[in-house]
Structures are given as structure tokens and as C-alpha cells.
Amino acid sequence: VAITTRLLVSHLSGIRHYEKDVTKVKEEKEKANRAFKLTKPCQDKEQKEKEGKGIEKTDSVKLRKEQEGEVKSQNAKPGRRDKEFEQEEYYLKEKFESVIESLKIFKNDPLFFKPGDQFLYSTYGFTLLSAVVERVSGQKFTDYMLKMFRDLDMLSTVLDDNEAMIYNRARCYVYNKKGRLVNAPYVDNSYKWAGGGFLSSVGDLLKFGNALLYSYQVGQFKNTSGKLLPGYLKPDTVAMMWTPVPKTEVSWDRDGKYAMAWAVVEKKQQYGCCRQQRHYASHTGGAVGASSVLLILPEELDSEAIDTGLVAPPRGVIVSIICNMQSVSLNSTALKIAREFDKEKWAQ
């Protein structure tokens, strides 16, 4: 078979994640699909009711739903364990000198399916991708990335190196089996720099989000008399990165599809006065003792403003959340925050 970099970056390569048993992975996927099919009829019924009334749910109904969700969240057992974090390879303590060396963890394992046939999120797919970058660039992947972070002015983004003295490095926490907070166990992330081996700050992630949003939008501003500098990436490159790829899925937002290293929800509205989907791109992060999200909600630009040069990119809302706690779901919170800021901006 042939595995391309595009298949790797969209998690369609067939390379395993932390779970080595293909039977267990297939069972989990089937279970998730069954659960989705069971909830879909309820969603369809709800949609039809809204269509019949010609209006969205009232604020009181929305509020009740949100309150019910909060109660469920509060009543959830604090020590709940994410099954993924039960995988042994999350807790590797071996130090690897290069990404090429770390390929030995999975290079002899069978593919779970033919590349391009199915979506399977794979950190090791990104380890292989980093090896490609290392060979093509002719330098260590970590050196290549640190230079890029400097270009992006992300000076607080560094390798999660246990030996180095890193200013303001946070302590990480997990819940134990009794539901008590304890220090996260010692791990060495040198086996997966690309898939979860960097430390950053909220400020640096906002810079990263703004650089991408600027690159995405700068090509739309025509009459600027050369006043705008080019983006870090070409507009077409970011548009390609944020284009949903067929056969993919996103666990943290059922409206979304996976694109190239980003989850993307496309702009969509099927019926008047009914539910609207706004275009946004996001990605969550999970590590031993930490959780994060970066969400980019581009502004729907007015053609007149673009043509007259009254506004300049980046235009939109960027939300970054990092917490030193394991298995915290953050995407929906980030989306709510982004929508509130977006709503406030349009109200002014």
C-alpha cells in the first residue's frame, strides 16, 4: 500500500493509535456509530418541530437544557477515567534522541485498515509525519519547529523536556481511582513531539491562531495599496488545511469533519429561521495531566468593508484554553465563548 502525507495529516493512514488490538478499536467505533444512530431520530424530530413552528427554541427552553447539562456535569463522578488514558504507551519513560528512532514503537505493527478507507485518529501517524519533515528539511524536527515558533513570535512554546529548566512550567494533575486530585505521573514525550510533545501558553496559542486567520483572510483584501504584509502561509494553503476531508469524523463536534490537522465545521443553514452552523476550525489536546483547545471563528466579512479597506485582517474570534487537568472536554466551552464575543461585536 501507499501512505501519503495527506493521509497522515487527515488520520486516514491506517496506522494505529495507542490501542494495539484492532478488534477493540472496531468495537468502539461500532458502539459510537450505534449511539449516534439512536440520537439522530430524536434530533430529526426536534428539527421537524422547529420547522413546523417556524422558530428556534425559546431562550427559556435553551436555558433549561443548559442547566440540565450543568447538573449532569456536576453530578458526574470526579474521578472518571478516560479509557484512552488507560493505554500503557501514554506513560512511556524512555527518552528518544530523534523522531526516526521513535518509529520503532509501531513500525512493525500491521495497519488497521487500507490507507484512505477509514478514519482513525493516530498520534503515531503524526510521529511518522514529523520524520518526513526531518528528512525533507535536513534538520532535526525539534530544531525545525523551534525556528518556526520563533518566526511566529511564540517564544513561550518549547519542548516538553523533563531535564530543562522551563520558566513558569505548570504542575499537572489527574484524579485517582478514589476521585482525589494527585500529581500526574512522570512521562517522557520524546516519542511523540509532533502529536503532543510541546509546552505552550494561552498567549502563544492566540498568536498562532491569529497568524493562521490572517493568512486565511489576507488574500480577500484587494484594495490595500500594498499596505498589508503577506501571511505566514498562503491563503490557498490555509483554505486547503480547513477543507473537510471525506470519510473523516470528529469526536468533539458531530457537525464537523477532520481536515488537515484541524477539525472543521462548515457554514450551513438548511431552513429559514432555524439552526445555523458557523464556519470554524478547532483542535483539542489531551496529555497526561493536561487538556487544551484552540478554536478559530473567522468573521463573515462584508464585501463593501473589504473593498474599501475599512477593516484589516485578522477578523474573527480566537479562543485558547489550557488547563493542567487530564480528560477535560473544552471544545464546546470554547465555542460558547467565541459566539458570545462574536455576538457582542455585532451588537456594537
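**Figure A. Y124 and its contacts.** Leaving out residues up to four places away in sequence, Y124 touches I15, R16, H17, Y18, E89, I105, F106 and Y191; contact means heavy atoms within 4.5 Å. This is a predicted model, in which local features need pLDDT of at least 70 and side-chain atom pairs count only at pLDDT 80 or more, while totals for chains, interfaces and linings use all residues. Residues are numbered from 1 along each chain as its sequence is written, and side-chain values use heavy atoms, with hydrogens and water left out. Y124 also belongs to a cluster linked by ring pairs, together with Y18, F85, Y90, Y91, F106 and Y191. Rings of Phe, Tyr and Trp (its six-membered ring) pair if their centres lie within 6.5 Å; planes under 30 degrees apart are stacked, over 60 edge-to-face, and the rest tilted.

**Figure B. The nonpolar cores.** A nonpolar core is a set of buried Ala, Val, Leu, Ile, Met, Phe, Trp, Tyr and Cys residues joined through side-chain atoms within 4.5 Å. Buried means under 20% relative accessible area, exposed over 50% and partly exposed in between (1.4 Å probe, protein chains only). The largest core has 40 residues, and Y124, L212, W242, W262 and I296 have the most contacts inside it. Two or more residues come from each of α1 (5–9), α5 (123–137), α6 (141–151), α8 (202–217), α9 (235–241) and β8 (290–298); helices (H or I, at least four residues) and strands (E, at least two) are DSSP runs, numbered from the N terminus. Domain 1 (1–31 + 81–199) and domain 2 (209–347) each give at least three residues to this core, with domain bounds taken from an automatic or database domain assignment. A second, separate core has 12 residues, including V317, V319, L330 and A334. In soluble globular proteins, nonpolar side chains tend to be buried together. Of the 348 residues in the protein chain, 36% are buried.

**Figure C. Helix α5.** The 15 residues of α5 should span 21 Å at 1.5 Å a residue, and the end C-alpha atoms are 21 Å apart, which agrees; the expected span is 1.5 Å times one less than the number of residues. T123, Y124, G125, F126, T127, L129, S130, A131 and E134 are the buried residues of α5, and the buried residues pack against α1, α4, α6 and α7 (193–196). At the start of the helix, a side-chain oxygen of S122 comes to within 3.4 Å of the backbone nitrogen of Y124. Just after α5, G138 has a positive phi of about 75°.

**Figure D. The aromatic pair Y121 and Y258.** The whole structure contains 12 aromatic pairs. Y121 and Y258 form one that is edge-to-face, 6.3 Å centre to centre with 80° between the planes. Y121 lies in the loop between α4 (99–102) and α5, and Y258 in strand β5 (residues 257–258), so the pair ties together parts that are 137 residues apart in sequence. Y121 is partly exposed at 31% relative accessible area, whereas Y258 is buried at 1%.

**Figure E. S282 in strand β7.** S282 lies in β7 (residues 280–287) and counts as buried at 1% relative accessibility. Not counting residues up to four places away in sequence, S282 touches W252, W262, A263, L294, L295 and N331. The S282 side chain makes a polar contact with the side chain of N331 at 2.8 Å. A polar contact is a pair of N or O atoms within 3.5 Å; within protein, one must be able to donate a hydrogen and the other to accept it, and residues adjacent in sequence count only if both atoms are side-chain atoms.

Figure F. Most residues other than glycine have a negative phi, and most peptide bonds are trans. D153, in the loop between α6 and β1 (158–159), has a positive phi of about 65° although it is not a glycine. D153 is partly exposed at 38% relative accessibility. A261, in the loop between β5 and β6 (263–265), has a positive phi near 65° and is partly exposed at 24%. A cis peptide bond with omega of about 0° joins P313 and P314; P314 lies in the loop between α10 (303–308) and β9 (316–323).

**Figure G. V182 in strand β3.** V182 lies in β3 (residues 181–183) and is partly exposed, with a relative accessible area of 30%. Apart from neighbours within four places in sequence, V182 is in contact with C172, Y173, V174 and N176. V182 and C172 are 10 residues apart in sequence and 8.7 Å apart from C-alpha to C-alpha.
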